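Q: Hi, I'm new to this one. Could you walk me through it?

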Amino acid sequence: MRKKYLFILFIFLIILSVPSFAVELELPDPTPSFYVYDGADILNKEAEEYIIKTNEELYKRTGAQIVVFTIDSLNNVDINLYAVKLFEKWGIGSKEYDNGLLMLIVPEDRQIWIEVGYGLEGALPDSKVGNIIEDSIIPYFKEERFTEGVISGFNNIIDEVEKEYNIQLDRNAINEDLYNIDNFDGISYDDDIFSGFKAILIAIGIVIFFIIDFKFFNGFLTYSLLFRGRGFGGYNSRGGRDNRG
């Protein structure tokens, strides 16, 4: 009887953790510029132009594309699922080399996801993507300096892509001020997402999940989640290796 109740609890937790499967995704079409979709209206015109013009030169020389996409909220849709489907619909990067990257930002949900095509995995592995999110983007976002955070992360991504292809884009000529945005060097703020009663509930849920998984499934679900995408904390941020298909 005890195993029966544990199994029911496990199924209930799984259902709660994947609400996106019950939601039909409504993905927008690309903008005329393709490289920027600012649905959350967090970027100024200078930043948009900088991202677009940098990408135009990058695409001509390598076929790679770095798309910045912002939306107010995903309405409980899993951000990884949304990023993968959007990546597929827009066809980011060249078909031959699959060298696209999607920076997905959801301010109201306080989430970030970076989806990386196979062709850029060497330049941008999980660890490097995580460092870019934590060090170059989130500190700005915590001060609601969204444009600076996006450009800081974008510049760091472009830096790695330049190294991968052994090229140097003329970003300084496009916009010297945005090109020279450095990593955040101000005060570090502790995130309160894991504080108080909420932290206790999360911890209990994680312990129950591990107990059930390793007792009945030999840890299969845990290993699947670890290799599906890694969490990097902070601003509910996650960086994704491309797991499309």
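**A first look around**

Q: Which elements do the buried residues of α2 pack against?
A: They pack against β1 (36-38), β2 (65-70), α5 (146-165), α6 (171-174) and α7 (176-179). Buried means under 20% relative accessible area, exposed is over 50%, and partly exposed is in between (1.4 Å probe, protein chains only). Helices (H or I, at least four residues) and strands (E, at least two) are DSSP runs, numbered from the N terminus.

Q: Okay, what kind of model is this, and how are residues numbered?
A: This is a predicted model, where local features need pLDDT of at least 70, side-chain atom pairs count only at pLDDT 80 or more, and totals for chains, interfaces and linings use all residues. Residues are numbered from 1 along each chain as its sequence is written, and side-chain values use heavy atoms, with hydrogens and water left out.

Q: How many helices and strands are there in the protein?
A: The protein has nine helices and six strands. Of its 245 residues, 45% are buried.

Q: Back to α2, then. How many residues does it have, and how far does it reach?
A: Helix α2 covers residues 45-62, which is 18 residues, and reaches 25 Å from its first C-alpha to its last. That is close to the 26 Å expected at 1.5 Å a residue; the expected span is 1.5 Å times one less than the number of residues.

Q: What happens at its two ends?
A: At the start of α2, a side-chain oxygen of asparagine 44 comes to within 3.3 Å of the backbone nitrogen of glutamate 46. After α2 comes glycine 63, with a positive phi near 85°.

Q: Which residues of α2 are buried?
A: Those are Ala47, Glu48, Tyr50, Ile51, Ile52, Thr54, Asn55, Leu58 and Thr62.

Q: Pick one for me. What is isoleucine 52 in contact with?
A: Leaving aside neighbours within four places in sequence, isoleucine 52 is in contact with Ser33, Tyr35 and Val36, where contact means heavy atoms within 4.5 Å. Isoleucine 52 has a relative accessible area of 16%, so it counts as buried. Its C-alpha is 8.0 Å from that of phenylalanine 34, which is 18 residues away in sequence.

Q: And where does phenylalanine 34 lie?
A: Phenylalanine 34 is in the loop between α1 (2-17) and β1. Its phi is positive, about 70°, although it is not a glycine. Most residues other than glycine have a negative phi. Asparagine 166 also has a positive phi, about 55°, without being a glycine, and sits in the loop between α5 and α6.

Q: Are those two buried or exposed?
A: Phenylalanine 34 is buried, because its relative accessible area is 16%. Asparagine 166 counts as exposed, because its relative accessibility is 71%.

Q: Switching topic: why is α3 described as largely enclosed?
A: Nine of the 12 residues of α3 are buried, so the rest of the structure largely encloses it. Among them are Leu81, Tyr82, Phe87 and Trp90. Aspartate 78 caps the N-terminal end of α3, with a side-chain oxygen 3.1 Å from the backbone nitrogen of asparagine 80. Glycine 91 follows α3, with a positive phi near 60°.

Q: Last one: where is phenylalanine 210, and is it buried or partly exposed?
A: Phenylalanine 210 lies in helix α8 (residues 196-216). Its relative accessibility is 37%, so it counts as partly exposed.

Conventions
Polar contact = N/O pair within 3.5 Å; in protein donor to acceptor, adjacent residues only side chain to side chain.
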